Amino acid sequence: MTAQDSATAPSSIAVSTRAEPVPGTDTAGPRGRSAGGTLLAVLGVGMFSLTFPATAWALEGLGPWSVTSCRAVLAALIAGACLLAGRVPLPARRHRLPLAAVAAGTVVGFPLLTTLALQTSTTSHAAVVVGLLPLTTAAYSSLRTGTRHSRGFWAAALTGAAVVVVFALQQSGGRPSLSDLYLLGALLICAAGYAEGGRLARELPGWQIIGWALVLCLPLSLAGAVLALLAEPVRPTGHAVAGLLWLGTAQFVSLWVWYRGMGVIGVARASQLQLAQPLLTLVWSVALLGERLSPAAPVAAVAVLVCIGATQRASR
């Protein structure tokens with residue numbers, strides 16, 4: 001899921017308070033508009049699901065710090081061009097601290113920690129663990145805003161968390177591995193970024209939030225890219241270049257199409273589509289990386305999706 005991926009996309013739970021329509025769209029439009037919105041949402045989910053395989057490809061020729069910083073630079077350049085083309089005014093001063101939180105979680109923290117994890121973890125393993133992100137985001141948002149959820153919500157959330165913990169321990173021989181700790185950190189920091197973005201989206205369109213977060217990080221990303229490329233080995237293989245280009249493009253574009261699709265068909269329908277994201281990542285891990293799935297991976301992924309669906313139903 002990215003940043004702003006699958007792992008980097010705002011979870012359906014996190015955005016449930018902000019279902020902001022994109023200017024010029026109508027959530028109750030004709031059937032053709034609804035079909036177009038569904039197509040955009042499906043495209044966004046498909047792009048999210050490719051994040052971990054693309055990261056694994058990029059790591060074939062670059063170090064983790066190079067991958068994280070270079071993808072952020074590419075995404076910021078694309079986002080900056082779009083913001084300029086749209087003549088979007090600079091964010092107000094009151095928006096800058098929340099934007100910094102979004103940037104810390106979705107532009108820096110989640111991509112870096114998941115990239116570090118994928119040095120030793122399989123993409124299928126990471127997809128199952130990070131599939132817990134919507135539940136983590138919901139828990140953070142609840143604590144941050146004081147929102148009260150039903151017992152059914154928390155029962156489903158805790159069950160999903162237990163499934164992921166058991167899966168991770170079973171895969172690592174009964175003890176959490178370093179990659180699991182990286183993934184846990186990624187879940188926590190990205191949940192904070194998503195929740196803060198959800199609050200900010202009451203005032204700004206979602207694509208502008210991720211756009212400004214990327215641009216805000218550009219000086220840091222650019223400096224980091226220079227230092228990382230000098231310090232880490234660089235082997236520009238075809239896979240490495242393709243993976244990096246995909247990550248840089250998708251970090252912004254995937255969220256753009258996702259938000260546009262969600263603005264047309266609504267949060268509830270879009271969130272159901274996003275439930276397929278971890279399973280799609282499992283498919284890509286086999287098709288693109290040749291990974292062999294353990295029997296527990298698809299079972300755990302489906303169990304987590306069932307728990308997420310239960311939390312969404314309990315939240316309505």
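In which helix is L181 found? L181 is found in helix α8, which spans residues 178-200; helices here are DSSP runs of H or I with at least four residues, strands are runs of E with at least two, and both are numbered from the N terminus.

The model is a predicted one, in which local features need pLDDT of at least 70 and side-chain atom pairs count only at pLDDT 80 or more, whereas totals for chains, interfaces and linings use all residues. Residues are numbered from 1 along each chain as its sequence is written, and side-chain values use heavy atoms, with hydrogens and water left out.

**Overall content**

The protein holds 14 helices and 0 strands. Of its 316 residues, 53% count as buried, a label for under 20% relative accessible area, with exposed meaning over 50% and partly exposed the range in between (1.4 Å probe, protein chains only). The accessible surface amounts to about 13600 Å², and 68% of this belongs to carbon and sulfur atoms; such areas come from the Shrake-Rupley method with a 1.4 Å probe, and for residues only the protein chains shown count as cover.

**Surface and interior**

L181 counts as partly exposed because its relative accessibility is 49%. Together with L178, L184 and L188, L181 forms a nonpolar surface patch with about 400 Å² of accessible area in total.

L230, in helix α10 (residues 218-231), counts as exposed because its relative accessibility is 72%. L230 and S66 are 164 residues apart in sequence, yet their C-alpha atoms are 9.1 Å apart in space. Helix α5 (residues 123-130), by contrast, is mostly covered, with 8 of its 8 residues buried, among them H125 and V128.

Axes are lines fitted to C-alpha atoms, for helices over the stretch in contact, and angles run from 0 to 180 degrees between N-to-C directions.

| Helix pair | Axes come within | Crossing angle |
|---|---|---|
| α6 (residues 133-145) and α8 | 8 Å | roughly 60° |
| α9 (residues 206-216) and α11 (residues 238-265) | 8 Å | roughly 165° |

The angle between α6 and α8 is roughly 60°, which means that α6 is oblique to α8. α9 and α11 are therefore roughly antiparallel to each other. Angles under 35 degrees count as roughly parallel, over 145 as roughly antiparallel, 65 to 115 as roughly perpendicular and the rest as oblique. α6 passes α8 in a right-handed crossing, and α9 passes α11 in a right-handed crossing, where right-handed means that the near helix is turned clockwise from the far one by less than a right angle, and left-handed anticlockwise.

Technical notes:
Patches are made of residues with over 30% relative accessible area and no salt bridge: like charges are joined within 9 Å, nonpolar side chains (Val, Leu, Ile, Met, Phe, Trp, Tyr) within 5 Å. A salt bridge is a side-chain nitrogen of Lys or Arg within 4 Å of a carboxyl oxygen of Asp or Glu.
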